[in-house]
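Here is a short report on one protein model.

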Amino acid sequence: MTKVMIIVNPGSGDNQGEEYGKRLADFLNGKFDQVDIKKTEGDNDALKFAQEACQDHYDSLFTVGGDGTINEAVNGLAGQDFRPTLGFFPAGTNNTFAQLFNISEDIDQYIEDLDLEESHSLDIGRCNDQYFNYYVCFGKLIEATTGTSSEEKSQFGSFAYLKNILSALPKDDTHPIKIESDTESFEGQASHVFVLLTNQVGNLVFSNEQSNLQDGQFQVYILTDESTGSKLSALKDILFGQLEDNDSIKSFACSKLTITNSDDNETQVDIDGNDGPYLPCEIELLPKHINFYVPKTQAVQ
Ligand SMILES: Nc1ncnc2c1ncn2[C@@H]1O[C@H](COP(=O)(O)OP(=O)(O)OP(=O)(O)O)[C@@H](O)[C@H]1O
């Protein structure tokens with residue numbers, strides 16, 4: 001008997017989650033023997049439902065929600081002995097993870113594109129005791145880009161990102177940090193550190209070099225200079241995917257690293273757009289750990 005669980009966050013995005021969940025359930029009803037819908041009410045519900053899906057050996061698990069719901073599901077699946085294949089309908093506001101695969105935010109198109117015959121095993125990361133499917137970082141640039149609202153995007157188009165980035169720049173400061181990894185190390189002042197499983201976050205392309213969610217490597221970018229000029233030049237290079245060529249950026253690939261700060265300031269990292277732990281962080285890659293459904297026409301980034 002085949003079983004699928006759909007975790008619906010009714011509070012995501014435009015609050016249409018329940019309706020989208022029903023539409024998805026109608027489609028999956030013909031494909032699985034048992035379809036169960038679980039509605040979240042608050043923090044960690046999606047995580048607990050995902051753990052339940054592992055314990056009860058569901059074949060597949062879908063989330064209907066935003067990046068936060070996907071991240072909770074990943075945290076519920078990671079490290080479990082049995083892990084259902086994970087699909088996600090992007091019903092959030094930003095849907096940054098879904099952008100990587102060009103997943104449609106239209107439920108009819110999403111269902112049409114869904115290929116239940118094929119799944120892809122993707123890398124995920126662990127930062128202390130939290131898992132991530134996308135990135136860990138600290139610094140203001142990322143908040144300015146991923147925190148750009150859909151209203152701002154429809155009002156200002158791509159200038160919305162630039163507007164928020166420029167207003168975030170003066171608030172930045174640098175931290176004395178030390179990074180040790182299985183390939184390289186760094187010690188010095190940094191205003192931003194990005195540890196990415198891919199080369200793209202939202203509209204920002206960090207590198208034109210090939211990097212994907214299956215290559216077993218993190219790409220690490222450290223912005224070492226706090227001057228506004230260097231940040232603007234870094235921004236330009238991010239927009240053109242040429243970050244490795246920027247003098248204020250140190251970049252390398254690795255699969256395991258620790259980040260420690262040498263001052264007394266508390267520095268909190270951001271994990272997939274949510275609050276993560278404070279430094280020090282121990283970050284490790286779990287290669288091809290979770291199977292994801294990715295739409296028919298899309299290559300894995
Ligand atoms: N029924 C509910 N009503 C309101 N909020 C909920 C409900 N269930 C869960 N949540 C909260 O929703 C949040 C996750 O929302 P969501 O999945 O939209 O993530 P997000 O990070 O806001 O996504 P995006 O950036 O893509 O919009 C969690 O903080 C969770 O506690």
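Glu180 has Ser185 in β9 as its bridge partner. Strand β8 spans residues 175-181 and strand β9 spans residues 185-190. The two run antiparallel and are joined by six bridges. A hairpin of three residues connects β8 to β9. β8 also pairs with strand β15 (residues 256-261), again in the antiparallel sense, over five bridges. There, Ser181 stands opposite Leu257 of β15. Strands count as paired if DSSP finds at least two bridges between them. Helices (H or I, at least four residues) and strands (E, at least two) are DSSP runs, numbered from the N terminus.

The model is predicted: local features need pLDDT of at least 70, side-chain atom pairs count only at pLDDT 80 or more, and totals for chains, interfaces and linings use all residues. Residues are numbered from 1 along each chain as its sequence is written, and side-chain values use heavy atoms, with hydrogens and water left out.

**Nonpolar core**

Which residues touch the most other members of the largest nonpolar core? They are Phe218 and Ile283, in a core of 81 residues. Strand β18 (residues 281-292) supplies the largest share of this core, six residues. A nonpolar core here is a set of buried Ala, Val, Leu, Ile, Met, Phe, Trp, Tyr and Cys residues joined through side-chain atoms within 4.5 Å. Buried means under 20% relative accessible area, exposed means over 50%, and partly exposed lies in between (1.4 Å probe, protein chains only). In soluble globular proteins, nonpolar side chains tend to be buried together.

**Salt bridges**

The whole structure holds six salt bridges. The criterion is a side-chain nitrogen of Lys or Arg within 4 Å of a carboxyl oxygen of Asp or Glu. Side chains of opposite charge can pair when their charged atoms come close.

| Glu18 | Lys39 | 3.2 Å |

Glu18 forms its salt bridge with Lys39. Glu18 lies in helix α1 (residues 17-29) and Lys39 in strand β2 (residues 34-39), so the pair ties together parts that are 21 residues apart in sequence. Glu18 is partly exposed at 36% relative accessible area. Lys39 is also partly exposed, at 46%.

Glu52 is partly exposed, with 26% relative accessible area. Lys38 counts as partly exposed at 21%.

Glu282 belongs to strand β18 and Arg126 to strand β5 (residues 120-127), so the pair ties together parts that are 156 residues apart in sequence. Glu282 is partly exposed at 45% relative accessibility, whereas Arg126 is buried at 18%. Arg126, Glu282 and Glu284 are linked in a network of salt bridges.

**Helix α3**

Is helix α3 mostly covered or mostly open? Helix α3 (residues 67-77) is mostly covered, with 10 of its 11 residues buried. Among the buried ones are Asp67, Asn71, Glu72 and Asn75. Ile70, Val74 and Leu77 are also on the buried list. Just after α3, Gly79 takes a positive phi of about 85°.
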